[in-house]
Protein chains: 2
Amino acid sequence: MRLMLVAGTTRTAERSGLSAAGATRDLLLHTPSADAEILTYGDTVRAPVTPVSPTGCPTPAAVTRAVRELLGFDATVVNGGLARPTGAPTVSMGAAPGRDIGEVDPVQTAPGAFAAARQFGRALPNEELVVGETIPGGTTTAMAVLRALGEEWSTSSSLPEDPVELKEAVVAEAFESSEIEPGRAAHAPELAVRFVGDPVLAVASGLVAGALEAETEVVLAGGTQMLAVAALVRHAGVVGPLTLATTAYLADDVPELADATAAHDVDLVVTDPGFGGEDAGPLSAYADGVAKEGAAMGGALHLADRAGRLDEVTTATLDVLARLRSDDGP
Amino acid sequence: MRLMLVAGTTRTAERSGLSAAGATRDLLLHTPSADAEILTYGDTVRAPVTPVSPTGCPTPAAVTRAVRELLGFDATVVNGGLARPTGAPTVSMGAAPGRDIGEVDPVQTAPGAFAAARQFGRALPNEELVVGETIPGGTTTAMAVLRALGEEWSTSSSLPEDPVELKEAVVAEAFESSEIEPGRAAHAPELAVRFVGDPVLAVASGLVAGALEAETEVVLAGGTQMLAVAALVRHAGVVGPLTLATTAYLADDVPELADATAAHDVDLVVTDPGFGGEDAGPLSAYADGVAKEGAAMGGALHLADRAGRLDEVTTATLDVLARLRSDDGP
């Protein structure tokens with residue numbers, strides 16, 4: 001088993017009010033680079049800060065790292081368009097940072113990155129891959145991509161109050177500026193990603209498509225962005241068993257998730273880490289609906305549960321956070 | 001503990017008769033990219049072949065991978081100037097492939113890469129780092145760098161018959177074309193690397209210098225190239241405990257290794273994997289003096305020995321090689 005974290009950026013995230021994946025707008029683009037370091041080292045190395053939401057909710061990457069420390073699995077970061085330096089080792093697929101989807105042709109590297117990731121996914125020797133993402137603003141681009149594919153499933157948000165109207169307006173703007181219309185990319189998933197998506201969707205869907213073609217078991221670790229990945233893979237004509245592993249917080253927020261996964265022949269696994277308990281410290285923000293998912297957290301919780309060690313995750317995550325805080329200094 | 005493999009290239013390797021780190025001259029530049037994949041995945045992913053010497057001796061990266069599978073430690077590949085694609089995740093230090101040291105100013109990225117690696121080495125949270133290299137032709141550039149520092153220690157070779165005269169001629173050519181003379185870079189190690197060295201030496205010595213400054217324990221995993229790294233670190237004025245862990249094959253080839261390490265305040269640990277036994281298959285080439293060391297093999301053997309599992313390394317390596325061969329296929 002290997003966990004693959006596809007880390008990248010879209011400048012769509014810099015529109016205010018769209019994402020909780022950073023304390024301020026200026027810091028948002030650092031989040032995927034920092035998440036990659038936290039997964040790899042349990043610490044930031046080149047990134048200037050540990051990512052938190054505007055209200056201080058810690059990044060889900062800390063949970064994924066904690067599970068990795070408990071279980072000891074391999075993890076690999078794939079560059080899905082990072083815009084800031086990272087000290088984590090990354091595999092390149094030729095993906096550049098995504099431009100705002102209100103601009104014309106915002107993800108020109110999408111078809112090439114999809115193809116490179118597909119070939120890479122086919123060549124990996126692992127029998128099972130767990131694939132997750134970290135990209136602020138990613139639920140908005142995922143919503144646009146689902147629309148381009150002709151699908152109307154709603155997406156989640158890292159904010160406790162989903163800014164649905166703002167997201168709808170951004171998606172409408174994306175279609176106005178692009179060469180495609182909703183539903184017109186049903187048979188050309190790379191074009192959906194190129195014209196209204198983000199580079200992480202291109203890399204993740206290529207990776208999953210290639211892995212399935214090599215008969216590798218794939219767990220999609222995440223929420224509605226990984227659902228968009230499943231849709232892209234199916235629209236690319238790739239069959240094979242897929243599981244979506246997400247958190248209870250995400251599943252509670254998207255009641256139609258069971259129908260949406262079933263519609264794409266994807267099994268759904270929901271895991272509750274119990275961050276609502278008294279001993280959860282800053283993780284209790286998750287129980288209040290902040291962040292909900294991200295950085296493969298849902299997949300990591302599924303792995304912890306499968307190993308019978310889910311009850312150790314809260315303590316292990318608080319330990320990771322304590323080490324992260326000791327660095328950031330006073 | 002984390003094993004760091006610095007992987008890169010110098011076109012010096014393309015001079016015929018200088019290196020055994022590839023079956024043919026055309027394949028030499030792929031070796032570090034393939035070694036990085038073997039360490040990471042136990043398999044090649046993007047590299048076209050599994051590296052072997054011209055006589056078929058398997059790459060030492062297979063040994064390092066085997067020990068990693070036995071012990072389960074983290075490993076990170078640092079890009080020290082790769083010239084061919086790799087599917088392994090790598091951390092960038094801004095190092096470009098090294099040009100032939102017969103050319104003027106062959107490693108222009110050396111000072112920048114040294115500085116970036118030093119900062120990275122300071123920031124890593126691990127308490128112990130094991131640092132190795134993979135760069136065909138690297139013993140020749142190491143010889144030139146030692147001379148630039150004013151040191152006359154002899155270097156080893158991946159070939160069973162060390163082509164000493166050829167290497168001396170290349171080193172002489174390097175000094176003819178460069179702005180420095182032997183001994184003149186004693187207080188400017190980055191310049192020794194820039195004018196007569198290779199990018200792996202720049203990155204590895206920066207990484208080790210930074211780690212020592214952060215009071216991280218450092219094991220240099222390798223032979224005379226890692227001795228050159230120790231010399232560069234000491235000439236940079238960086239103190240702190242260093243150990244050089246190498247193979248018995250390398251130590252047998254360089255009788256003055258004990259004196260050379262002592263001269264730089266470096267402890268020496270020599271480990272014999274016993275590849276001369278009847279069950280060693282293609283690994284018996286090591287007992288005949290081919291390859292000897294590389295891709296952190298000596299450090300990995302030291303780790304296996306420290307864990308009391310050295311006697312499992314031969315079988316584990318043959319298992320890695322069987323998986324690698326099954327891919328290359330007819």
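**Close-up views of a predicted two-chain model**

**View 1. Surroundings of A:Gly222.** A:Gly222 touches A:Leu244, A:Ala245, A:Thr246 and A:Glu293, leaving aside residues up to four places away in sequence; contact means heavy atoms within 4.5 Å. The model is predicted, so local features need pLDDT of at least 70 and side-chain atom pairs count only at pLDDT 80 or more, while totals for chains, interfaces and linings use all residues. Residues are numbered from 1 along each chain as its sequence is written, chains are lettered from A and ligands numbered from 1 in the order in which they are written, and side-chain values use heavy atoms, with hydrogens and water left out. A:Gly222 is found in the loop between strand S5 (217-221) and helix H9 (224-235) of chain A; helices (H or I, at least four residues) and strands (E, at least two) are DSSP runs, numbered from the N terminus. With a relative accessible area of 0%, A:Gly222 is buried (buried means under 20% relative accessible area, exposed over 50%, partly exposed in between, with a 1.4 Å probe and protein chains only).

**View 2. A:Glu151, a buried residue without a salt bridge.** A:Glu151 lies in the loop between helix H5 (138-148) and helix H6 (164-177) of chain A. The nearest side chain of opposite charge, A:Arg234, is 9.4 Å away; Lys and Arg count as positive and Asp and Glu as negative, while His and the chain ends are not counted. A salt bridge is a side-chain nitrogen of Lys or Arg within 4 Å of a carboxyl oxygen of Asp or Glu. The side chains of A:Glu151 and A:His235 are joined by a polar contact of 2.8 Å (a pair of N or O atoms within 3.5 Å; within protein, one must be able to donate a hydrogen and the other to accept it, and residues adjacent in sequence count only if both atoms are side-chain atoms). Not counting residues up to four places away in sequence, A:Glu151 touches A:Leu146, A:Ala231, A:His235 and A:His264.

**View 3. The salt bridge between A:Arg15 and A:Glu173.** A:Arg15 lies in the loop between strand S1 (2-7) and helix H1 (25-28) of chain A and A:Glu173 in helix H6, so the pair ties together parts that are 158 residues apart in sequence. Both are partly exposed, A:Arg15 at 23% relative accessibility and A:Glu173 at 32%.

**View 4. The salt bridge between A:Arg323 and A:Glu69.** The N to O distance is 2.6 Å. Because A:Arg323 lies in helix H14 (residues 313-328) and A:Glu69 in helix H3 (residues 61-71) of chain A, the pair ties together parts that are 254 residues apart in sequence. A:Arg323 is partly exposed at 32% relative accessibility, as is A:Glu69 at 33%.

**View 5. Where chain A meets chain B.** In this view, 24 residues of chain A are in contact with 24 residues of chain B. The buried area is about 1,700 Å², of which carbon and sulfur atoms give 53%; buried area is the accessible area (1.4 Å probe) that two parts lose on being put together, summed over both. In chain A, A:Tyr41, A:Arg46 and A:Pro89 lose the most area to chain B, together 29% of what that side buries. Two salt bridges are counted between the chains. A:Asp74 and B:Arg68 meet in a salt bridge of 3.0 Å, N to O.
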